[in-house]
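Please open the structure in your viewer and keep the selection tool at hand. The tour below goes from one selection to the next and says what is there at each stop.

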Amino acid sequence: MKKKLRKCGVLMPVFSLPSKYGIGCFSKEAYDFVDALQAAGQSCWQLLPLGPTSYGDSPYQSFSTFAGNSYYIDPETLIKKGWISKKECDSYDFGKNSQKIDYGKVWDNRFKLLKKAFENSKIEKNPEFKKFVKENSDWLEDFALYMSIKADNDNRAWSEWDEKLKRREEKAMKEAKIKFAREIVFYEFLQFEFLEEWKALKKYANEKGIEIIGDIPIYVAFDSADAWANPELFWFDEDCNPVAVAGCPPDAFSATGQLWGNPLYDWEYQKKTGYAWWIKRLAKCFELYDRVRIDHFRGFDAFYCIPFGAKDAIKGKWKKGPGYALFAEMKKQLGDRPVIAEDLGFLTPSVLRLVARTKYPGMKVLQFAFDSRDDSDYQPHNYNSNCVVYTGTHDNETTRGWLDSISPKDKAYALKYLHLEETKEEDLTWEFIRAAYMSVADLAVIPMQDFLNLGSEARINQPSTLGKNWQWRMKKSAFSKKLQKRMKDMAKLYAR
């Protein structure tokens, strides 16, 4: 019998890569990162969502589920194409801290740089651009118009626009397309350039033996082209306001729950269409990625509804989701594609049945394994091979930061479980990585910060907070030859 292939990879957001212009992008440093992954014996690079970010800078709150984030367009590629000069690029202030993103400065200046490149590109004459616009018209047309109108309205959400545009009345839409004709081409240009650069990077990674794991949120943002262009897909009232919004109930991590605020789907309507919008969305994901992690997978079984306007998530109610029917349709139309089910949190028997029926691997997070009060499905002795193990995710503390913050009782239990009582503090993170690699999980994915043994200063996101998230960036020299060798040796030792 053929032995099952065990793999390992790294969780690293594109925005956290080093680069010269304020935020990680599809630059030479991204290619260098791929080379380092290969040298380190890794076979997967897991990303966070690549969509354009809105207020709060979260990749899980995007202006479009189909569009790409123009921040990731590489200025040096634009220089090579002759669309902008190095001197012009260097004239903008994208922030001085190479280890922290200043989103305010990136927002203020990136679009100025990109507009100069656009004006010099003469992109309308490019036959490949024309082909791209035509082939993607089903979402690109709405997105480009949406962003143009939004910019003209001081970036306010579509619910605050003129009523005729908010409701997409035919005459108002025709007038807007004429008024914003040039801006529309600019946003189309950004998507064309994003996709061209991303495809080149992905091709390079695949040729190096690196599989790309993408990530999509289950929900879209209310302030998005998706919600504006397709209100029938969502649980809206006659004024296009959400009846209820998404979130999570109170738990051990939050006494008032999590109020995400995303609009909820009208699953009855989606079912009548054969889940057409979802199939289109997933098809797009499989164009961009080799494997897709679907965030908040339990929401397909049952979803938490919080009344619109509520201040917290306490008074929400559970409602039934589409269940397996959506995935049956996906498999019918797209084939049996590789998916990772983000099945974290409190799991009911029906959620477990859904994940089992799809046969998608779920997630195991070591940081969730060591509550000293009870046995846990996240402890390695309870794994089966069809899962993906992480030390932590983008929502967790780094492992070092976590070890510094948990109760002495839980820490003692974790160290006893992993037989690390005599291990030096500075070596503990690597021993947690070892535990993940040793496990029977088919795939082990470790956040880059854990390989670098960084503390809480390198945390990516703290849920339900604003202002300090999504900012961490890796030092240019951090992914050293020495680290690569250590990673490769461990991967080889545990047959990954």
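This is a predicted model: local features need pLDDT of at least 70, side-chain atom pairs count only at pLDDT 80 or more; totals for chains, interfaces and linings use all residues.

Residues are numbered from 1 along each chain as its sequence is written, and side-chain values use heavy atoms, with hydrogens and water left out. Helices (H or I, at least four residues) and strands (E, at least two) are DSSP runs, numbered from the N terminus.

Select residues 291-294, which make up strand 6. Arg291 and Arg293 point one way from this strand, while Val292 and Ile294 point the other way, and all are buried, where buried means under 20% relative accessible area, exposed over 50% and partly exposed in between, with a 1.4 Å probe and protein chains only.

Next, select the four strands that form an open sheet in the order 5-4-7-8, with antiparallel pairing. At its edges are strand 5 (258-263) and strand 8 (317-320), each of which pairs on one side only. Strand 4, at residues 244-248, runs antiparallel to strand 5 and is joined to strand 5 by three bridges, and Gly247 stands opposite Leu259 in strand 5.

**Helix 6 with helix 8**

Move to residues 137-152 and 170-179, helix 6 and helix 8, which pack at an angle of about 80° with their axes 10 Å apart. The axes are lines fitted to C-alpha atoms, for helices over the stretch in contact, and the angles run from 0 to 180 degrees between N-to-C directions. Helix 6 and helix 8 are therefore roughly perpendicular to each other, since angles under 35 degrees count as roughly parallel, over 145 as roughly antiparallel, 65 to 115 as roughly perpendicular and the rest as oblique. To see where they meet, show Glu141, Leu145, Ile149 and Asp152 in helix 6 together with Met173, Ala176, Lys177 and Lys179 in helix 8, contact meaning heavy atoms within 4.5 Å.

**Helix 12 with helix 13**

Select residues 276-288 and 324-334, where helix 12 and helix 13 pack at an angle of about 55° with their axes 10 Å apart, which makes helix 12 oblique to helix 13. The contact is made by Trp278, Ile279, Leu282 and Ala283 of helix 12 and by Leu326, Glu329, Met330, Gln333 and Leu334 of helix 13.

**Two loop residues**

Lys122 lies in the loop between helix 4 (103-121) and helix 5 (127-135), and its phi is near 50°, a positive value. Is Lys122 buried, exposed or partly exposed? With a relative accessible area of 48%, Lys122 is partly exposed. Tyr275, in the loop between helix 11 (267-272) and helix 12, also has a positive phi, near 55°, and at 5% relative accessibility Tyr275 counts as buried.

Notes:
Two strands pair if DSSP finds at least two bridges between them.
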